[in-house]
Amino acid sequence: MRRAQQLGQRGVRPSQVLLWGHSLGTGPAIVLAHAQERLGAPLCGLILEAPYTSLVKAAISSPSTILIRALPFGTSIIRRYFVYTFNNDQLLPSLSTPTLCIHGTEDLMVPFFHTVALARAVLAALCRFLSSQEVPSAAITLAFSTIASSNALALSMSPATTTEEEEEEEEEEE
């Protein structure tokens, strides 16, 4: 939210912002897009690269947690340690912001089925009246045409390095 506020202070309108969330950053990106809609200032678009249905489900389905899941209460152990669950599968279908989801089918951290589940949830919410053959092309056309027709600024929600200037600003705020 702080970066979005900084853009506002520089005269950038939310309708000029194309938000890109990658992997872990897709949860905060969806939350930010949802918050902007609630404020009546929706973003130009949202790109989600390797999104997950929820952070807990991603952790449970990740190959890296196979040893923990093998324990008798492994799934409960994983669930216990999440403060922020980022339930993207519940929040994303309610967004009206044009959204494009992309994901590699052989992703080892976040399995591909998370994106498929999210796409199905969004399409079910937005495109109930279209036939199953029309839905994918209609959704992709909508996302690309909206994003391509605007002068959008990209704001990445992926973990990023901060500059010395940004670190000094954060220290001053504290």
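# Exercises on a predicted model

Strands β1 and β2 run parallel and are joined by 5 bridges; two strands count as paired if DSSP finds at least two bridges between them. The model is predicted, so local features need pLDDT of at least 70 and side-chain atom pairs count only at pLDDT 80 or more, while totals for chains, interfaces and linings use all residues. Residues are numbered from 1 along each chain as its sequence is written, and side-chain values use heavy atoms, with hydrogens and water left out.

## Exercise 1

Describe the secondary structure of the protein chain, then strand β2.

Step 1. Helices (H or I, at least four residues) and strands (E, at least two) are DSSP runs, numbered from the N terminus. The protein chain has 9 helices and 4 strands.

Step 2. Read from the N terminus, the order of the elements is α-β-α-β-α-α-α-α-β-α-α-β-α.

Step 3. Buried means under 20% relative accessible area, exposed means over 50%, and partly exposed lies in between (1.4 Å probe, protein chains only). Of the 5 residues in β2, 4 are buried, and the strand is mostly covered. In the protein chain, 33% of the 174 residues are buried.

Step 4. Opposite I47 in β2 stands W20.

## Exercise 2

Step 1. A nonpolar core is a set of buried Ala, Val, Leu, Ile, Met, Phe, Trp, Tyr and Cys residues joined through side-chain atoms within 4.5 Å. The largest one has 15 residues, and L19, I30, L46, L48, L92 and L95 have the most contacts inside it.

Step 2. The elements asked for are β1 (17-22), α2 (26-38), β2 (45-49) and α7. The largest share, 4 residues, comes from α2.

Step 3. Take L92 as an example. Contact means heavy atoms within 4.5 Å. Apart from neighbours within four places in sequence, L92 is in contact with I30, L46, L48, T99, L118 and V122.

## Exercise 3

Find the surroundings of H103, and state whether H103 is buried or exposed.

Step 1. H103 sits in the loop between β3 (99-102) and α7 (113-126).

Step 2. H103 counts as buried because its relative accessibility is 15%.

Step 3. A polar contact is a pair of N or O atoms within 3.5 Å; within protein, one must be able to donate a hydrogen and the other to accept it, and residues adjacent in sequence count only if both atoms are side-chain atoms. The side chains of H103 and T115 form such a contact at 2.4 Å. The H103 side chain also reaches the backbone oxygen of V110, at 2.8 Å.

Step 4. With neighbours within four places in sequence left aside, the contacts of H103 are A50, P51, V110, P111, F112 and T115.

Step 5. T105 lies in the loop between β3 and α7. T105 counts as exposed because its relative accessibility is 58%. Its C-alpha atom is separated by 9.5 Å from that of A50, 55 residues apart along the chain.

## Exercise 4

How many salt bridges does a search of the whole structure find?

Step 1. A salt bridge is a side-chain nitrogen of Lys or Arg within 4 Å of a carboxyl oxygen of Asp or Glu. The search finds 1.

Step 2. The side chains of D89 and K57 meet in a salt bridge, at 2.8 Å from N to O. D89 lies in helix α6 (residues 88-91) and K57 in helix α3 (residues 55-61), so the pair ties together parts that are 32 residues apart in sequence.

Step 3. K57 counts as partly exposed because its relative accessibility is 42%.
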